[in-house]
Amino acid sequence: QSLGELTFHQRALRLKALATYLTAVKDELYAVSDRTGATRRDSLVDIDGGIGVLFSYASKGRRELPNTMTIVDGPPENLAKDNSFGGQHLYSRIPGVAFQINAFNFPVWGMLEKFAPAFLAGVPSIVKPATPTAILTEAAVRIMVESGLLPEGSLQLVCGPVRGFLDTLDVRDVVSLTCETDSLNAAILGPDADPGSPEFMAFVASVVTEMTSKTGQKCTSIRRVIVPEARVDSVIEAIGERLTTRVVIGDPRAEGVTMGPLASVDQREEVRRSIEALVAGGGRIVFGSVGDPAVTRLDGSVGRAPDGAFLSPVLLRFDDADAAAVHEIEAFGPVASVLGYRDLPDAVRLANRGGGSLVATVASHDPRVIQAIVSGIAPFHGRVLVLDRDDARSSTGHGSPVPHLVHGGPGRAGGGEELGGIRAVKH
């Protein structure tokens with residue numbers, strides 16, 4: 001059967017079988033992922049996270065969609081007094097393809113978050129991965145096709161430049177892409193979160209995780225650390241201490257390494273230029289440097305990495321919280337900036353100066369603080385994580401989108417909101 005001839009439930013069962021198959025052979029993908037500079041934890045987020053997307057859509061497809069090929073949207077609308085004429089909203093699949101353009105930082109998850117809802121909708125996917133990490137996407141696509149679980153042609157791959165490709169598409173097709181100007185995501189510490197409190201500790205841990213996971217190469221990473229003016233010094237000290245004690249830079253295959261290199265030497269140089277621009281715009285480096293960091297080799301010894309794409313985590317401080325640079329320049333690597341706010345309206349104002357972001361974190365245990373900040377920043381953010389002592393352990397974290405919820409944001413974050421749950425299938 002072709003993909004379009006399957007019902008939603010039949011497609012969902014194929015996704016579940018595919019996720020189970022990938023789980024059994026994922027070690028092959030981990031081996032390729034090592035070559036992209038990802039640590040085992042980075043690969044877990046990308047590979048296992050991507051497989052989790054397949055499982056999620058398989059489950060949602062069977063629980064939330066009918067065992068048909070179309071979706072009825074709401075009750076019938078009567079348009080005649082004698083009930084002889086009416087209308088009905090209906091979703092049917094597009095007859096073309098979904099052309100999916102993906103970023104370099106999540107070569108598996110980024111592909112599968114677009115592929116899964118398209119497949120469930122009955123639309124074939126043509127995947128275009130970013131060149132620096134295309135080797136991992138190619139490996140995943142090859143395994144998926146060779147599994148024999150997908151109808152022929154339902155997943156295709158094109159690598160390299162695709163100039164002119166959009167000219168081959170028409171009204172039958174849809175284009176999905178990962179695109180943003182720069183998402184200067186913020187983490188906001190509530191005034192009630194004193195040093196040593198559960199919220200303060202969870203906040204610091206979240207900032208360090210987001211600075212170093214995928215070597216900071218995430219569109220959801222925390223770039224602006226917005227804290228009460230009286231807490232700036234203590235937050236910088238706590239972040240620096242955690243970076244010192246928890247982060248080991250080096251070959252991602254080496255035992256104990258927690259942060260690998262950037263995706264390429266060119267990417268490292270781009271991040272360095274962005275750091276220099278942040279410094280020129282009023283920032284002061286209070287942890288790390290733009291020079292070559294110390295790294296741990298495979299044999300456990302410590303050395304330098306002059307020929308690698310390694311970069312130390314860099315934390316900056318902006319004494320002027322209104323400096324334009326911190327709200328306009330994203331260093332797409334292990335980089336974050338700390339700035340202080342006077343009161344809650346000021347915290348909201350600073351967060352919103354990012355011009356639209358994918359996600360923000362609010363760390364507080366005071367409902368009044370949470371209400372004031374969340375209501376103030378909501379129009380400028382696609383997702384807001386409330387982090388406190390009750391959910392710190394169970395939370396999926398600031399930078400981890402889940403397939404159940406929208407992944408997108410307004411303004412500089414790109415404006416896309418289609419991906420998330422069954423709404424992605426309807427899109």
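Mentor: Gladly! Let us begin with Asp319, which is exposed, having a relative accessible area of 55%. Keep in mind as we go that this is a predicted model.

What does the side chain of Asp319 meet? Asp319 and Arg284 come together in a salt bridge, at 3.2 Å from N to O. Arg284 belongs to strand E11 (residues 283–287), while Asp319 sits in the loop between strand E14 (314–318) and strand E15 (335–341), so this pair ties together parts that are 35 residues apart in sequence. Arg284 counts as partly exposed, because its relative accessibility is 40%. As for the general idea, side chains of opposite charge can pair when their charged atoms come close.

Now look at a group of residues joined through such pairs. Asp322, Arg342, Asp346, Arg349 and Arg353 form one network, joined by salt bridges that share partners. Across the whole structure, a search finds 25 salt bridges.

Arg63 counts as exposed, at 57% relative accessibility.

Helix H1 (residues 8–34) and helix H3 (residues 109–121) pack at an angle of about 145°, and their axes are 8 Å apart. On the H1 side the contact is made by Phe8, Arg11, Ala12, Arg14, Leu15 and Leu18, and on the H3 side by Phe115, Ala116, Phe119, Leu120 and Ala121. Of the residues in this contact, nine are nonpolar and two are charged, with no polar ones.

Nonpolar residues can also be found on the surface of this model: Leu166, Val175 and Leu177 form a patch there, with about 260 Å² of accessible area together. Val175, one of the three, lies in strand E8 (residues 174–177). Val175 counts as partly exposed, at 35% relative accessibility.

Ser221 is in the loop between helix H5 (198–212) and strand E10 (222–228). With a relative accessible area of 0%, Ser221 is buried. Which residues does Ser221 contact, leaving aside neighbours within four places in sequence? They are Asn185, Glu210, Gly216 and His398.

The other loop residue is Gly256, which you will find between helix H6 (232–246) and helix H7 (265–280). Gly256 is partly exposed, with a relative accessible area of 47%. For a sense of distance, Gly256 and Ser125 are 131 residues apart in sequence, and their C-alpha atoms are 38 Å apart in space.

Conventions: Residues are numbered from 1 along each chain as its sequence is written. This is a predicted model: local features need pLDDT of at least 70, side-chain atom pairs count only at pLDDT 80 or more; totals for chains, interfaces and linings use all residues. Side-chain values use heavy atoms; hydrogens and water are left out. Axes are lines fitted to C-alpha atoms, for helices over the stretch in contact, and angles run from 0 to 180 degrees between N-to-C directions. Helices (H or I, at least four residues) and strands (E, at least two) are DSSP runs, numbered from the N terminus. Contact means heavy atoms within 4.5 Å. Ala, Val, Leu, Ile, Met, Phe, Trp, Tyr, Cys and Pro count as nonpolar, Asp, Glu, Lys and Arg as charged, and the others, Gly among them, as polar. Patches are made of residues with over 30% relative accessible area and no salt bridge: like charges are joined within 9 Å, nonpolar side chains (Val, Leu, Ile, Met, Phe, Trp, Tyr) within 5 Å. Accessible areas come from the Shrake-Rupley method with a 1.4 Å probe; for residues, only the protein chains shown count as cover. A salt bridge is a side-chain nitrogen of Lys or Arg within 4 Å of a carboxyl oxygen of Asp or Glu. Buried means under 20% relative accessible area, exposed over 50%, partly exposed in between (1.4 Å probe, protein chains only).
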